[in-house]
Amino acid sequence: MKKNGKFLMAPTLGWLTVFFVLPMLIVVAVSFASRTPYGQVVFDWTLHNYARFLEPLYLSIFAQTLLVAIVTTIFTVLLGYPLAYYIAQLPKRWQQPGLILCMIPFWINFLIRSYAWVIILRAQGVLNTLLLKAGIIDQPLQLLYNEGAVMLGMIYALLPFMILPIYVSIEQLDHRLLEAASDLGAKPFTAFRKITLPLTMPGVAAGTILVFISSLGMFVVPDVMGGAKSALVGNLIQNQFLSARDWPFGSALSIMLAILSLVLITLYYRTLQIQKGGSDHAEDVA
Amino acid sequence: MREMEDLIRLQGITKKFGDHVIIPKLDLTIKDGEFVTLLGPSGCGKTTLLRMIAGLETPTTGQVILDGKDITKLPPYKRDVNMVFQNYALFPHMTVTENIRFGLKMKGVDGEEAEERVRQVLYLIQLEELRDRYPAQMSGGQQQRVAIARALVNNPKVLLLDEPLGALDYQLRKKLQIELKNLQRGLGLTFIFVTHDQEEALTMSDRIVIMNNGVIQQDGDPNGIYHHPVNTFVARFIGESNFFDLDGVTYALRPEKLNLCEEEDEGMAHPAPQFYGTVVDIVFYGTIDKVFIRLDNTNQTVVAYQYFDDLRRWKVDDRVGIWWYDRDEVKMDQ
Amino acid sequence: MQKTWRSHLLLAYSLAVLAFLYLPLVILAMYSFNDSRINAVWTGFTFKWYEHLLNNRRVLEALINTLIVGCISTIVSTALGTTAAIALHRYKFKAQNAINGLLYLPILIPEIVMGLSLLVLFSQFHLPLGKTTLILAHITFCLSFVVITVGARLDGLKAEYEQAASDLYATPWQCFRYVTLPLIMPGIVAGALIAFTLSIDDFVISFFVAGPNSTTLPLYIYAMVKRGISPEINALSTVMMCVEIALVLLAEALQPSHKAKKQAG
């Protein structure tokens with residue numbers, strides 16, 4: 001009886017093998033293939049697709065993607081940390097609602113959330129109309145379809161990814177440490193800087209990795225809010241599969257993206273473990 | 001005749017978790033209608049032993065025999081024993097009645113008979129008016145009674161109780177101890193009770209089995225265990241004890257059996273003091289004073305209970321002689 | 001003095017960040033009631049864009065597709081995910097780390113990679129893109145969320161309930177049927193709600209694996225957005241937002257939160 005139950009795991013493992021592992025393996029194979037002029041895939045085992053990464057056009061897209069990812073990460077930390085901190089120090093019964101309030105936008109898809117910004121920022125949009133009416137400008141500003149708009153959209157889209165892990169790390173913090181610090185004469189801000197901030201760095205690291213991974217693969221936000229020049233790796237991949245029909249190159253790009261993500265995810269688990277180890281230790285002290 | 005009386009026999013039981021030995025080797029027989037308490041510090045193997053009888057653990061080697069039948073390999077749901085869990089484990093999604101009727105339903109007892117039996121146990125535990133409540137709507141003591149009723153309704157051959165009173169406050173625990181004891185007497189049912197509370201064990205049991213590190217230290221009636229502990233572990237675990245070494249033999253003495261006298265007490269009407277010492281502390285405990293004495297020539301401190309109507313009350317730094325009657329000393333096994 | 005000054009500043013900053021999160025969504029919803037078609041100037045309150053939606057055959061088709069895909073994916077992924085969570089909870093697996101990895105990776109890998117890999121798979125096996133491929137893809141990305149949600153509920157379940165049932169003569173099947181299943185039901189419902197929300201909300205993966213006749217609501221919205229803005233998209237987006245928020249709040253209410261923990265302890 002006891003052993004038989006293990007087979008309950010089989011359908012899910014089988015499903016994920018067929019619809020997750022197998023597709024990934026095929027993508028790996030396709031990334032070493034070539035395409036015919038009509039977009040057909042020919043398996044001739046070449047590194048050609050990976051070599052194309054070094055072409056200046058793609059290098060500049062990689063650089064652009066990296067820049068957007070870094071800026072997005074920095075701003076989500078700056079916006080997310082104080083909010084997470086504020087929620088974590090609320091009375092217990094207000095924390096859950098506060099957190100849910102932060103997480104609701106996370107469940108609404110990037111498409112609708114980017115589109116909401118289009119309404120605000122477009123030439124005849126809410127912001128331009130307001131500014132014109134107030135007489136601050138007399139020509140609508142070009143607020144959309146540029147790099148700044150893409151960054152704004154990314155920060156907006158990914159902010160909830162940063163708030164949750166930071167909240168968790170602050171919430172797990174042993175408050176007696178802060179009491180001890182203030183008991184020893186530390187001013188609130190000093191206590192924050194010397195204790196809270198260093199001890200919640202694992203949460204910041206975890207959030208950073210989540211935001212960073214998500215922004216690397218993002219194509220909705222630049223697609224909706226960006227212009228022709230603000231394409232990122234996500235858009236490049238999307239184009240290979242839909243308009244350019246160069247699946248081998250698209251596959252190579254997505255393998256690179258997947259490997260980068262996996263490396264970052266591994267780092268993420270490391271930080272989680274450090275965080276967990278830290279809180280276990282706090283319990284031991286108790 | 002004796003064979004008939006033995007309800008449970010544990011034979012050559014050992015239990016290992018990986019390399020960790022919980023129970024090295026153990027034999028124990030429990031008679032029909034006994035209230036047996038397994039007593040010991042946490043991690044001594046008492047709960048493991050109880051769970052083996054219930055079928056929630058399997059012994060690594062050895063046999064569990066219930067009523068002459070080997071049940072070692074039987075799963076819990078095929079054993080005629082029921083358990084009361086430490087935190088009651090009442091099903092939170094069922095009412096009191098549904099909880100109590102659960103065992104009957106699983107055994108296929110329904111209809112009028114099930115109704116009648118549920119009614120009887122509800123009467124027995126006096127919770128008839130709470131029959132439609134959910135566990136979350138009841139106090140700890142009420143939940144405890146429901147847990148007992150849920151087990152009793154099945155007419156088990158043995159009722160196993162795993163620290164059932166541990167989560168309750170002191171007053172309620174005292175009250176339920178008496179209720180449980182009366183219930184067991186009234187029903188004539190075999191109870192195996194696990195606790196780490198020596199006072200609880202002394203109050204309730206017909207027989208106490210003291211365990212440490214998976215080994216039975218002493219097995220006997222409460223009176224015998226208290227007054228004649230066989231080793232220092234038992235003497236320390238049950239009540240307070242002082243140990244005195246005389247000619248290479250260790251004797252245990254209860255603090256209430258130690259008598260104090262003046263150091264220079266001429267023509268005394270009692271045995272001569274065996275030891276002398278200095279009073280280092282006196283703690284007032286209501287009906288008694290606890291007098292702590294440091295023995296001369298050793299670093300050992302012993303404690304003696306003195307009643308108020310004793311001839312005199314001692315002060316710190318008083319010099320005293322300590323004496324006792326031979327009948328009160330208990331020689332320890334080495 | 002200084003402390004209150006700082007805490008006021010923190011409160012103001014936090015409210016500003018929350019406003020940043022919600023203001024665009026509120027504006028989007030607001031303009032779905034604006035009478036003007038092109039301008040951002042408020043010209044009057046109207047429900048007509050919602051009426052337009054109801055009369056738009058393509059919107060209704062997309063809605064039906066979304067619901068069909070959502071319901072089937074939810075049912076299949078909940079059934080598979082629940083059995084897997086139970087197996088994981090009850091048994092020790094030798095390859096535990098590999099199994100965990102397999103369950104978490106679909107959540108952590110960029111959606112675009114998952115979408116295109118499924119596209120490549122379906123084309124390798126000459127499976128025409130349509131509702132079938134959409135459903136297969138949606139089950140795949142919902143599955144892990146269900147396993148994790150139901151697993152959390154199971155982990156919160158004290159082993160003693162099952163032991164008590166077993167002690168009270170319940171066979172393993174009866175124990176599951178009468179004790180385990182009712183107790184984890186809130187977790188299963190929460191998992192199903194999350195799966196349904198993810199499915200009806202999904203754009204990126206659907207974008208790769210949907211066919212011409214299997215447009216879902218997010219795909220329809222995308223097509224409209226690419227053509228330019230219109231008040232109907234505002235209305236449709238607002239409806240979707242409201243439905244999703246309701247589903248997520250419902251799922252949240254069923255999760256083992258502080259209240260459940262208190263009860264379990």
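Me: As I understand it, patches are made of residues with over 30% relative accessible area and no salt bridge, where like charges are joined within 9 Å and nonpolar side chains (Val, Leu, Ile, Met, Phe, Trp, Tyr) within 5 Å. Which residues form a nonpolar patch on the surface here?

Reply: Two ground rules before the answer. This is a predicted model, where local features need pLDDT of at least 70 and side-chain atom pairs count only at pLDDT 80 or more, while totals for chains, interfaces and linings use all residues. Residues are numbered from 1 along each chain as its sequence is written, chains are lettered from A and ligands numbered from 1 in the order in which they are written, and side-chain values use heavy atoms, with hydrogens and water left out.

Reply: Now the patch. Leu66(A), Ile70(A), Ile74(A), Phe75(A), Leu78(A) and Tyr13(C) make it up, and together they have about 540 Å² of accessible area. Accessible areas come from the Shrake-Rupley method with a 1.4 Å probe, and for residues only the protein chains shown count as cover. A salt bridge, which would rule a residue out, is a side-chain nitrogen of Lys or Arg within 4 Å of a carboxyl oxygen of Asp or Glu.

Me: Which helix gives the largest share of the nonpolar patch?

Reply: Helices are DSSP runs (H or I, at least four residues), as are strands (E, at least two), numbered from the N terminus. An α-helix has 3.6 residues a turn, so residues three or four places apart point the same way. In this model, helix H3 (residues 56-88) of chain A supplies five of the patch residues. Leu78(A) is in that helix.

Me: Is Leu78(A) buried, exposed or partly exposed?

Reply: Buried means under 20% relative accessible area, exposed over 50%, and partly exposed in between (1.4 Å probe, protein chains only). Leu78(A) has a relative accessible area of 48%, so it is partly exposed. Contrast Ser114(A) in helix H5 (residues 110-121) of chain A: its relative accessibility is 3%, so it counts as buried.

Me: What is Ser114(A) in contact with, leaving aside neighbours within four places in sequence?

Reply: Contact means heavy atoms within 4.5 Å. Ser114(A) has Val220(A), Val221(A), Val224(A) and Met225(A) as its partners.

Me: On to whole chains. How many helices and strands are there in chain C?

Reply: Chain C has twelve helices and zero strands. Its C-alpha atoms fill a box of roughly 70 × 70 × 30 Å along the principal axes, and 55% of its 265 residues are buried. Take its contacts between residues at least 6 apart in sequence, and 72% join residues at least 24 apart.

Me: Which chains share the most contacts?

Reply: Of the two pairs of chains in contact, A and C do. That interface takes 85 residues from chain C and 81 from chain A. No contact joins chain A and chain B, and their closest C-alpha atoms lie 11 Å apart.

Me: How much area is buried between chain C and chain A?

Reply: The size of an interface is often given as the accessible area lost when the parts come together. Here buried area is the accessible area (1.4 Å probe) that two parts lose on being put together, summed over both. Chains C and A bury about 7700 Å², with 81% from carbon and sulfur atoms. One salt bridge is counted between them, joining the side chains of Asp223(A) and Lys226(C) at 2.8 Å, N to O.

Me: And how much do chain C and chain B bury between them?

Reply: About 2100 Å², 64% of it on carbon and sulfur atoms. Within chain C, Asp167(C), Leu168(C) and Tyr169(C) lose the most area to chain B, together 38% of what that side buries. This pair of chains has zero salt bridges. Helix H7 (159-167) and helix H8 (172-201) of chain C each supply at least two residues to the side that touches chain B, with H7(C) giving the largest share, seven residues.

Me: Why is H7(C) said to be largely enclosed?

Reply: Eight of its nine residues are buried, so the rest of the structure largely encloses H7(C). Among the buried ones are Glu160(C), Tyr161(C) and Asp167(C). Their cover includes helix H2 (46-54) and strand E6 (81-84) of chain B, along with H8 of chain C. After H7(C) comes Tyr169(C), with a positive phi near 75 degrees.
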